[in-house]
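Hi,

Here is the structure I promised to pass on.

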Amino acid sequence: MSNKLTVIKLNAIDSTNSFLKQQTKQTFVGNFTLVYTVEQTAGRGQMGATWLAEAGKSLTFSLLVRKPVEKFEHDFEFQMLVSVAIHQSLNKFGLASEIKWPNDIMAGGRKLGGILIEQLNDNQGNPTFIVGIGINVKQSNFNELPSATSLLLNGVDIEDDTVLMLEIRDQIIELFENSNAESQAIIRTKYLSVLMKYQKPAVYQVNNHLFNALILGVSPEGKLVLKHENDEIRAYGIKEVKMMY
């Protein structure tokens, strides 16, 4: 991958996504510009959720990707591409990860990290993705977050986590630049193969109601398609359904 791509390091920032969005609105920012920080104080997750990252022990970065209109019919195709790129990158470091719909990175059934993709038009009116990624790297204690985990707790001890960060960036760029109808079909197959609980029974919650269902797939728009015990098939949007166990 070209070493001419811009990489910006910040010692501390509220959110790398917010920083990159602000820069993109104010001035021209080169495609595939990456911003990372040692300490993120107000990271954000999907639908306004917060992302807590321990300073110096987490990988938190954002990547700008300009969106060619012809590349993706549905934005979730890009979400799947990013998920597969992260999975493939972690696999190179010896970790078998999964994706929990819609945007959690899982290892050993626990949350290792997350993805937040936001869209805006840059200062020249170009449609643009801002890809925010957070991964727990060196934490060894999650007393207040029993459902979380880290690379270290999964036996992956990375001395320099920027090596993983650049590997993820390069995987995203490679998949993105080679994206077409055929490759997107392959990415969808790979995504489903690492989707947590795909075609396996699990308990879900909708409006405080618990029920058993199977994941049949994900719609082109990114909705989770579930088959209920009574054979009813329904598609759920983000925050409409929660996987319990």
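This is a predicted model: local features need pLDDT of at least 70, side-chain atom pairs count only at pLDDT 80 or more; totals for chains, interfaces and linings use all residues.

Residues are numbered from 1 along each chain as its sequence is written, and side-chain values use heavy atoms, leaving out hydrogens and water.

On to the sheet. Helices (H or I, at least four residues) and strands (E, at least two) are DSSP runs, numbered from the N terminus. Two strands pair if DSSP finds at least two bridges between them. There is an open sheet of 7 strands with mixed pairing, in the order β1-β2-β5-β9-β8-β7-β6. The edges are taken by β1 (7-13) and β6, each with a single partner strand, so one side of each has no neighbour in the sheet. From one strand to the next, the twist averages 25°. For angles, axes are lines fitted to C-alpha atoms (for helices, over the stretch in contact), and values run from 0 to 180 degrees between N-to-C directions.

Within that sheet, β7 and β8 pair in the antiparallel sense over 4 bridges, and Met106 has Lys111 in β8 as its bridge partner. Helix α2 lies across β5, β6, β7, β8 and β9 and runs at about 140° to β8. Helix α3 packs against β1, β2, β5 and β9, its direction making about 25° with that of β5.

Now the charged pairs. Side chains of opposite charge can pair when their charged atoms come close. My cut-off for a salt bridge is a side-chain nitrogen of Lys or Arg within 4 Å of a carboxyl oxygen of Asp or Glu.

- Lys21 and Glu118 meet at 3.2 Å, N to O. Lys21 lies in helix α1 (residues 16-26) and Glu118 in strand β8 (residues 110-121), so this pair ties together parts 97 residues apart in sequence. Glu118 is buried, at 14% relative accessible area.
- Asp122 and Arg66 meet at 2.8 Å, N to O. This pair links distant parts of the chain, 56 residues apart: Asp122 is in the loop between β8 and β9 (127-136), and Arg66 is in strand β5 (residues 58-66). Asp122 is buried at 5% relative accessibility, and Arg66 is buried at 13%.
- Asp75 and Lys67 have their closest N and O atoms 2.8 Å apart. Here Asp75 is partly exposed at 32%, whereas Lys67 is buried at 18%.

The rings come next. Rings of Phe, Tyr and Trp (its six-membered ring) pair if their centres lie within 6.5 Å; planes under 30 degrees apart are stacked, over 60 edge-to-face, and the rest tilted. That rule gives 8 aromatic pairs. Phe32 and Phe176 form an edge-to-face pair, 6.0 Å centre to centre with 80° between the planes. They sit 144 residues apart, Phe32 in the loop between α1 and β2 (34-40) and Phe176 in helix α3 (residues 161-177). Both Phe32 and Phe176 are buried.

Phe176 also pairs with Phe78: the centres are 6.1 Å apart and the planes at 80°, so this pair is edge-to-face. Phe78 lies in helix α2 (residues 76-92) and Phe176 in helix α3, so the pair ties together parts 98 residues apart in sequence. Ring pairs join Phe32, Phe72, Phe78, Phe129 and Phe176 into a cluster.

Finally, some backbone details. Most residues other than glycine have a negative phi, and most peptide bonds are trans. Trp101 and Pro102 are joined by a cis peptide bond, with omega about 0°, and Pro102 is in the loop between β6 (98-100) and β7 (104-107). Asn207 has a positive phi, near 50°, and Asn208 has a positive phi near 70°. Asn207 is in the loop between β10 (201-206) and β11 (209-218), and Asn208 lies in the loop between β10 and β11. Asn207 is exposed at 72% relative accessibility, and Asn208 is exposed at 71%.

Cheers

Key
Buried means under 20% relative accessible area, exposed over 50%, partly exposed in between (1.4 Å probe, protein chains only). Contact means heavy atoms within 4.5 Å.
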